[in-house]
Amino acid sequence: MKAERRRVIPGFGLAMGYTVAYLGLFALIPLSTIFLKTAGMGWLNFWTTITSLRVLAAYQLSIGASLIGAAVNVIFGLAVAWSLVRYEFPAKGVLDAIVDIPFALPTSVAGITLTAIYAENGWVGRLLAPLGIKVAFTPLGVIVALVFIGLPFVVRTVQPVLRDLEAELEEASATLGATRSQTFRRVILPALAPALITGFALAFARALGEYGSVVFISGNMPMRTEVVPLLIMTKLEEFDYQGATAIALVMLILSFSMLLLINLQQSRSALRDGV
Amino acid sequence: MASDEAEYSPLGLAGVTAKNAVEVSVPPRATSDPPWARTIILAVALGFMGLFVVLPLTAVFVEALREGVRVYLAAITDPEARSAIRLTLLVASIAVPLNVIFGLAAAWTLTRFNFRGRSLLNTLIDLPFAVSPVIAGMIFVLLFGAQGWFGEWLSDHHIKIIFATPGIVLATTFVTFPFVARELIPLMEAAGTEEELAALTLGANGWQTFLRITLPNVKWGLLYGIVICNARAMGDFGAVSVVSGHIRGLTDTMPLYVEILYNDYSFAASFAVASLLTLLALATLVAKRIIGGRVEASSMPHENESVERKAA
């Protein structure tokens with residue numbers, strides 16, 4: 001079967017060769033520079049770079065804000081997906097379409113706009129200022145930007161699963177005497193859990209590397225509101241390439257393991273569904 | 001459980017459903033949310049979308065027009081703005097076609113052949129999703145920058161890649177290469193190989209089969225991928241920011257020019273250029289919606305599924 005397919009359809013060599021060459025030239029060779037550059041700097045140097053206080057503070061902020069942002073997206077993204085699938089309301093088509101805005105809008109546009117809204121004289125910032133809440137130029141601003149950027153990932157992962165959820169399951173649960181909230185907790189939520197976890201992981205991975213929408217609203221104060229991608233940028237501007245690559249390597253390992261987790265999770269739930 | 005089944009089985013399927021329907025008529029509210037929950041969920045969803053999507057969208061245009069239409073028009077027709085627009089179009093016009101050819105080749109390889117390392121190749125296509133845009137720009141600086149692997153050779157031969165257009169094209173291509181491939185792979189997988197095999201049997205050669213069978217079958221999916229790839233190519237900020245060097249009027253793409261104006265406190269002008277990018281994003285979403293409908297309608301194996309879905 002395998003050999004037969006390969007023989008009948010032509011173009012294996014050309015298509016495969018082109019794909020591998022392209023990936024090699026544009027992705028693998030460039031990415032390998034990170035590993036080679038850090039390999040050349042020695043363990044001690046590498047270790048002191050990635051454990052310096054400023055770097056640790058940046059990791060802490062990036063990871064913490066990304067986790068919070070992704071968690072916020074899970075809760076509100078579920079509400080958005082639920083409304084889009086289950087309810088009818090005016091302008092539903094428009095709402096469905098603009099869920100993708102954070103994905104389609106250039107991040108620098110998102111950055112300056114969110115800053116304008118949440119600055120102390122901005123539309124929302126003005127309302128929060130009397131309450132003593134500052135958003136722009138604080139860690140809270142970083143979270144706001146990361147919530148914005150992660151929004152489509154949760155909604156677009158949960159939406160199709162929710163749409164394909166069989167009504168029979170909920171009917172059966174109701175027939176057996178479950179209340180609506182019991183049905184939600186025991187029948188619907190477990191069915192949505194894999195999609196919610198995948199959405200969380202995707203939003204988190206995206207947030208971790210996010211640069212454009214964060215730099216404007218964060219204020220970029222070292223130790224306080226400096227995220228990892230910005231720190232890498234600063235090191236590059238100071239021509240400290242080794243420092244930048246060392247920090248980047250840790251980031252890459254983090255996001256690759258995240259991606260690996262998503263793939264494992266997906267293949268596990270695919271196995272369970274018998275796909 | 002077991003005893004229930006034993007009791008029902010002699011009645012046959014029709015008997016069971018009829019009996020169920022009579023005995024335990026499910027009240028309509030059992031599978032829909034109570035009105036109060038519905039109101040709360042809708043309010044939360046709409047409030048969230050309003051705050052995080054509608055408000056920023058509105059703010060872009062309000063800020064752009066804050067100092068009047070004349071300032072707006074002056075900002076977007078400024079020579080530096082025009083050169084940023086030109087560079088953005090140029091970069092997209094190189095990066096997108098490159099990624100279309102890559103997407104077609106990758107999809108053909110992954111969906112038409114079985115080979116060792118197939119799933120590894122499939123994973124590698126997603127690589128840019130796991131790489132921060134800043135790191136995506138950085139790797140090209142490490143290769144071609146003044147201190148990079150090829151830095152000396154390039155400067156000896158007076159070739160400029162970093163802080164010049166080629167670097168911007170490279171970084172943009174890297175960041176956007178998954179989009180066309182990711183759109184095509186599931187479609188070509190679903191379309192199967194029967195039609196292509198039929199064409200080959202009837203004497204068509206490989207290119208004829210590809211151009212007359214494969215390409216028409218996936219044309220809407222391809223267009224969908226191109227639209228998304230283009231939006232990301234024109235809008236990339238982080239990766240391009242690293243390799244551009246911010247030379248005004250020379251290596252500034254539109255997203256970078258937005259930043260420069262903003263840092264110069266030319267807020268109205270900055271938002272004016274940003275509004276053009278926002279219009280591009282909105283146009284992308286409209287195109288995405290129109291083409292998305294075509295993709296679903298044109299892919300035959302999905303037809304039954306979507307009909308079922310609508311019925312349910």
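Modeller: Domain bounds here come from an automatic or database domain assignment. For chain A that assignment gives domain 1 (1–39) and domain 2 (42–272). The centres of domain 1 of chain A and domain 2 of chain A, taken over C-alpha atoms, are 31 Å apart. This is a predicted model, in which local features need pLDDT of at least 70, side-chain atom pairs count only at pLDDT 80 or more, and totals for chains, interfaces and linings use all residues. Residues are numbered from 1 along each chain as its sequence is written, while chains are lettered from A and ligands numbered from 1 in the order in which they are written.

Colleague: Why are H7(A) and H16(B) called roughly parallel to each other?

Modeller: Helices are DSSP runs of H or I with at least four residues, numbered from the N terminus. Helix H7 (residues 107–118) of chain A and helix H16 (residues 254–263) of chain B cross at roughly 30 degrees, their axes coming within 8 Å. Angles under 35 degrees count as roughly parallel, over 145 as roughly antiparallel, 65 to 115 as roughly perpendicular and the rest as oblique. The pair is therefore roughly parallel.

Colleague: Which residues of H7(A) and H16(B) meet?

Modeller: Contact requires C-beta atoms, placed from the backbone, within 7 Å. A:Ser108, A:Val109 and A:Ile112 meet B:Pro255, B:Val258, B:Glu259 and B:Tyr262.

Colleague: What makes the buried residues of H10(A) line one face of the helix?

Modeller: A residue is buried if 20 or more other C-beta atoms lie within 10 Å of its own, exposed if 12 or fewer, and partly exposed in between, with C-beta atoms placed from the backbone. In helix H10 (residues 167–175) of chain A, A:Glu170, A:Ser173 and A:Ala174 are buried. Seen down the axis, the buried residues of H10(A) fall within an arc of 100 degrees, so they line one face. That arc is taken from the directions from the helix axis to the C-beta atoms. Their cover includes helix H11 (180–209) of chain A.

Colleague: How do you know whether A:Ala91 is buried or exposed?

Modeller: A:Ala91 has 10 C-beta neighbours inside 10 Å, so it counts as exposed. A:Ala91 sits in the loop between helix H4 (53–86) and helix H5 (92–98) of chain A, with a positive phi of about 60 degrees although it is not a glycine.

Colleague: And what class does B:Phe163 take, with 18 other C-beta atoms within 10 Å?

Modeller: B:Phe163 is partly exposed. Its place is the loop between helix H9 (151–156) and helix H10 (165–176) of chain B.

Notes
Axes fitted to C-alpha atoms, helices over the stretch in contact; angles between N-to-C directions. Helix = DSSP H or I, 4+ residues; strand = E, 2+ residues; numbered from the N terminus. Contact = placed C-beta atoms within 7 Å.
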